[in-house]
Amino acid sequence: MNNIAMNNGMTTFNTDAVHTFIKFAQHPFKFRAYLFWKLPAAWLAGVRVHALGEDACTTSVPYRWLSQNPFRSTYFACLAMAAEMSTGLPAMMYVQSAPKRISMLVTGLESTFVKKATGLTYFTCNDLPAMKAAMSKAMNQEEAVAVTMRSEGRDKQGTLIASFAVTWSFKGKS
């Protein structure tokens with residue numbers, strides 16, 4: 001097991017736990033069973049994890065009968081689920097690998113819709129280093145630390161469909 005230490009005031013997360021979580025999230029059966037049990041609306045809508053690493057996370061949501069709106073596109077709430085998961089899954093990963101207990105909560109959500117989502121929409125969040133820094137800070141103080149994570153939704157051709165800003169609050173627990 002890797003040691004957990006402080007480097008320049010920054011907490012180092014347990015890399016073995018991070019890699020174990022990545023394997024779990026990318027397992028085709030285990031993570032879908034988790035979604036079915038803990039997030040059934042996301043499971044029904046077809047939200048899936050495509051990639052999870054230490055610096056980025058990509059999820060997707062399809063346009064289909066269970067995720068549609070009356071305007072022949074993906075319902076905005078289904079897009080929001082996939083965007084939030086692209087920020088929340090890495091948060092869960094780092095919370096579980098932290099040397100101290102951390103609570104996490106979504107405290108804000110902003111969105112901009114650019115184009116109708118009529119196919120598979122991929123959401124990518126690349127702000128994981130900022131999230132890790134916020135968690136490190138939260139573990140070393142009594143107040144909650146907020147960080148806004150951006151997630152962009154694009155279609156298969158790379159066209160921007162929507163962008164989301166999800167604000168997470170992290171607080172260290174004793």
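Tyr-75, Phe-76, Phe-113, Phe-123 and Phe-164 are joined into a cluster by ring pairs. A pair here means that ring centres of Phe, Tyr or Trp (its six-membered ring) lie within 6.5 Å, with planes under 30 degrees apart called stacked, over 60 edge-to-face and the rest tilted. This is a predicted model, so local features need pLDDT of at least 70 and side-chain atom pairs pLDDT 80 or more, while totals for chains, interfaces and linings use all residues. Residues are numbered from 1 along each chain as its sequence is written, and side-chain values use heavy atoms, leaving out hydrogens and water.

The structure has 11 aromatic pairs. One of them is Phe-24 with Phe-31, an edge-to-face pair with 5.7 Å centre to centre and 80° between the planes. Phe-24 counts as partly exposed because its relative accessibility is 25%, whereas Phe-31 is buried at 4%. The cut-offs are under 20% relative accessible area for buried, over 50% for exposed and partly exposed in between (1.4 Å probe, protein chains only).

Back to Phe-123: on strand β6 it sits on the covered face with Thr-121 and Cys-125, while Tyr-122 and Thr-124 take the uncovered one. In a regular strand, side chains alternate between the two faces of the sheet. Strands are DSSP runs (E, at least two residues), numbered from the N terminus, and two of them pair if DSSP finds at least two bridges between them.

Here's how β6 pairs up:

| Strands | Sense | Bridges |
|---|---|---|
| β4 (residues 57-61) and β6 | antiparallel | five bridges |
| β6 and β7 (residues 145-154) | antiparallel | three bridges |

Cys-57 stands opposite Cys-125 in β6, and Phe-123 has Gly-153 in β7 as its bridge partner.

Conventions:
Helix = DSSP H or I, 4+ residues; strand = E, 2+ residues; numbered from the N terminus.
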